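I open this notebook to record, entry by entry, what I looked up in the structure shown below. I start from a pocket and then turn to the ligand and the backbone.

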Amino acid sequence: MTKFITFEGVDGAGKSTHLAWFADALRSRGLDVVVTREPGGTPLGEQLREMVLNQPMSMGTEAMLMFASRIEHVEEVIKPALLSGKCVISDRFSDASFAYQGGGRGMDWERLKELEQWVGIKPDLTLFFDVPIEVARQRLSNNASLDRFEQEQGEFFERVRAGYHRRVAEDRLRFKVIDAAQSLEEVKRQLASIAGKIG
Ligand code: TYD
């Protein structure tokens, strides 16, 4: 059964809006759904989020803080929820570290895989909201306060997007790629069809 679902995409792809809608669609099917996010998801994780989104730091520190937040999140929130029969939807998970720290920053892919093994669990299903970077940037420009990642230039996001594509190519069965440049209605229609097969 599909119980652990993650949402991924570059900043501005619209995944957070879609996530709230998808969670409601699953709830209306009678599923007990926990919605959470990374970096964050626990009190300690939210403190790490604050640091990693706002303070300058080296690439290695950034990656380690993302994974520290993740390990805490898995142990304190995700595993207990799954064990009690709930469905967990996380706004970002390990794929984001491959895309942003691996693709965006250029951190060694194999080293990230070692950290991923330490996390121990993988999503059953990952919805990747794919969108051309120009479209994503345009959506973000409406947003007043940009964090350390959102302030990066277009080339950084092109590398992040390529990182996501590499992850999809490495694990096609786990991913559903959604064209997030489509209208909101069309994306919702696809999500409704995916939600209809879960549970
Ligand atoms: P995001 O979901 O975009 O938060 P919000 O919608 O509130 O802006 O996530 C915050 C940022 O963290 C995003 O730019 C991607 C980055 N990030 C990484 O670089 N690596 C990771 O492993 C994770 C989970 C997130």
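**Entry 1: the largest pocket**

I looked up the largest pocket and found that about 610 Å³ of space lies in it. It is lined by 30 residues, and those closest to its centre are Asp11, Lys15, Arg49, Arg92 and Glu150. I keep in mind that this is a predicted model.

Sorting the lining by class, I wrote down 10 nonpolar, nine polar and 11 charged residues.

**Entry 2: the ligand**

I next asked where the ligand sits, and the space that it takes is the largest pocket. The elements that give two or more residues to the shell around the ligand are α1, α2, α3 and α4, and the largest share of that shell, four residues, comes from α4.

How many residues surround the ligand? I recorded 17, of which the closest are Asp11, Lys15, Arg92, Ser97 and Gln101. By class, this shell holds six nonpolar, three polar and eight charged residues.

For Glu150, an N or O atom in the side chain is 3.1 Å from an oxygen atom of the ligand. Taken alone, the ligand exposes 550 Å², and I recorded that the protein buries 87% of that area.

**Entry 3: the backbone**

Before reading the backbone, I reminded myself that most residues other than glycine have a negative phi, and that most peptide bonds are trans.

Arg92, which I had already listed among the residues closest to the ligand, has a positive phi of about 80° although it is not a glycine. I placed Arg92 in the loop between β3 (87-91) and α4.

Which two residues are joined by a cis peptide bond? I found that they are Glu38 and Pro39, with omega at about -10°, and that Pro39 is found in the loop between β2 (33-37) and α2.

How values were computed. Residues are numbered from 1 along each chain as its sequence is written. This is a predicted model: local features need pLDDT of at least 70, side-chain atom pairs count only at pLDDT 80 or more; totals for chains, interfaces and linings use all residues. Side-chain values use heavy atoms; hydrogens and water are left out. On a 1 Å grid over the protein atoms alone, a cavity is a set of points where a 1.4 Å probe fits but cannot get out, and a pocket is an open set with protein on both sides within 12 Å along at least five of seven lines; lining residues have an atom within 4 Å of a point. Grid points are joined across faces, edges and corners, and a volume is the space filled by probe spheres set on the points. Ala, Val, Leu, Ile, Met, Phe, Trp, Tyr, Cys and Pro count as nonpolar, Asp, Glu, Lys and Arg as charged, and the others, Gly among them, as polar. A residue is near a molecule or strand if one of its heavy atoms lies within 4 Å of it. A polar contact is a pair of N or O atoms within 3.5 Å; within protein, one must be able to donate a hydrogen and the other to accept it, and residues adjacent in sequence count only if both atoms are side-chain atoms. Accessible areas come from the Shrake-Rupley method with a 1.4 Å probe; for residues, only the protein chains shown count as cover. A molecule sits in a cavity or pocket if more than half of its atoms lie within 2 Å of its grid points.
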